[in-house]
Amino acid sequence: MTDPAPTRPKWVDLHCHLDLYQDHAALIAECDQDAVATLTVTTTPKAWPRNRDMAASSKHVRVALGLHPQLVAERAGELPLFYHHLAETRYVGEVGLDAGPRFYKSFEAQERVFESVLRACAEQGGKILTIHSVRAVSKVLAHIERSLPGGSGRPVLHWFTGTPAEARRAVDLGCYFSINVEMLRSPKHRAMVAGLPGDRLLTETDGPFVEIDGRPVRPSDVKQTVIELASLRQNSTEVMARQIISNLATLVGP
Ligand code: MN
């Protein structure tokens with residue numbers, strides 16, 4: 001017999017791909033057992049129903065409806081399906097832009113998709129979005145400014161690697177930042193993260209795309225990120241953990 005899952009979350013993983021692991025169902029149970037408030041993102045609208053159903057009775061796992069920018073070239077045709085399901089969820093992601101060399105060819109299509117996703121979210125209101133911005137930070141911010149204006153949605157920049165000036169612009173636009181352990185391995189990104197306002201910080205794993213001890217990271221490993229973030233910002237782990245839980249409450253609050 002196991003203990004019942006704790007009611008209040010202790011940790012936050014605001015961006016993880018639970019459906020890309022072999023043991024999807026076991027991971028959901030693990031998130032509940034360890035009280036990790038986890039946002040599991042989807043990369044195509046077709047993946048939504050199964051993810052939604054699997055997490056339906058979970059205390060701590062929420063599911064985001066997404067269309068990953070790296071898949072826009074093949075999956076833009078699923079956009080109507082995205083709109084079909086949008087009213088079923090408050091959470092949207094993974095969405096955004098990727099101007100890396102492998103995906104640059106679809107960049108115009110990515111911009112059209114992202115733009116229309118933002119507009120649909122603004123129209124329905126109250127959505128929380130987890131946003132990818134590889135090599136495209138200023139474009140992503142321009143789209144948010146134009147199509148998800150103040151108060152019409154809550155953007156969270158996932159694995160943000162912009163400059164301190166871009167970070168300030170994102171803060172002014174109301175963005176939150178979800179930080180993972182891989183970002184903190186780069187001195188340049190550590191310095192940027194050190195300067196972010198404490199009330200906009202969240203944590204994520206981006207599992208299984210990030211490894212820890214030679215294996216794909218799991219949501220329960222997010223504690224490691226909190227420990228590192230605390231030392232970077234000269235806080236205790238307890239204070240940092242409390243801050244992140246409080247930021248999550250604000251993000252999902254009224
Ligand atoms: Mn991701």
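A residue is described as buried when its relative accessible area is under 20%, and in this predicted model Phe177, at 0% relative accessibility, therefore counts as buried. Phe160 likewise counts as buried, with a relative accessibility of 1%. The rings of these two residues have their centres 5.2 Å apart, and because their planes stand at 70°, the pair is edge-to-face. Phe160 lies in the loop between strand S6 (154-158) and helix H7 (164-172), whereas Phe177 belongs to strand S7 (residues 176-179), so that the pair links distant parts of the chain, 17 residues apart.

A search of the whole structure finds three aromatic pairs. One of them is formed by Tyr104 and Phe107, which are stacked, with 5.6 Å from centre to centre and 15° between the planes. Tyr104 is exposed, its relative accessible area being 52%, while Phe107, at 7% relative accessibility, counts as buried. A ring also takes part in a contact of another kind, in which the charged end of Arg200 sits over the ring of Tyr176, 5.9 Å from the centre of that ring.

The manganese ion has as its protein donors His15 (NE2), His17 (NE2), Glu94 (OE) and Asp206 (OD), which lie 2.3 to 2.4 Å from the ion. Along the sequence, these donor residues follow the spacing H-x1-H-x76-E-x111-D. Distant parts of the chain are linked by the pair of His15, in strand S1 (residues 11-16), and Asp206, in the loop between strand S8 (201-203) and strand S9 (211-212), the two being 191 residues apart. His15 is buried, with a relative accessible area of 0%, and Asp206 is buried as well, with a relative accessible area of 5%.

Key
Residues are numbered from 1 along each chain as its sequence is written. This is a predicted model: local features need pLDDT of at least 70, side-chain atom pairs count only at pLDDT 80 or more; totals for chains, interfaces and linings use all residues. Side-chain values use heavy atoms; hydrogens and water are left out. Rings of Phe, Tyr and Trp (its six-membered ring) pair if their centres lie within 6.5 Å; planes under 30 degrees apart count as stacked, over 60 as edge-to-face and the rest as tilted. Buried means under 20% relative accessible area, exposed over 50%, partly exposed in between (1.4 Å probe, protein chains only). Helices (H or I, at least four residues) and strands (E, at least two) are DSSP runs, numbered from the N terminus. A charge sits over a ring if NZ of Lys or CZ of Arg is within 6 Å of the ring centre and within 35 degrees of the ring normal. Donors are N, O and S atoms within 2.8 Å of the metal (3.2 Å for Na, K and Ca); water is not among the atoms, so sites may look incomplete.
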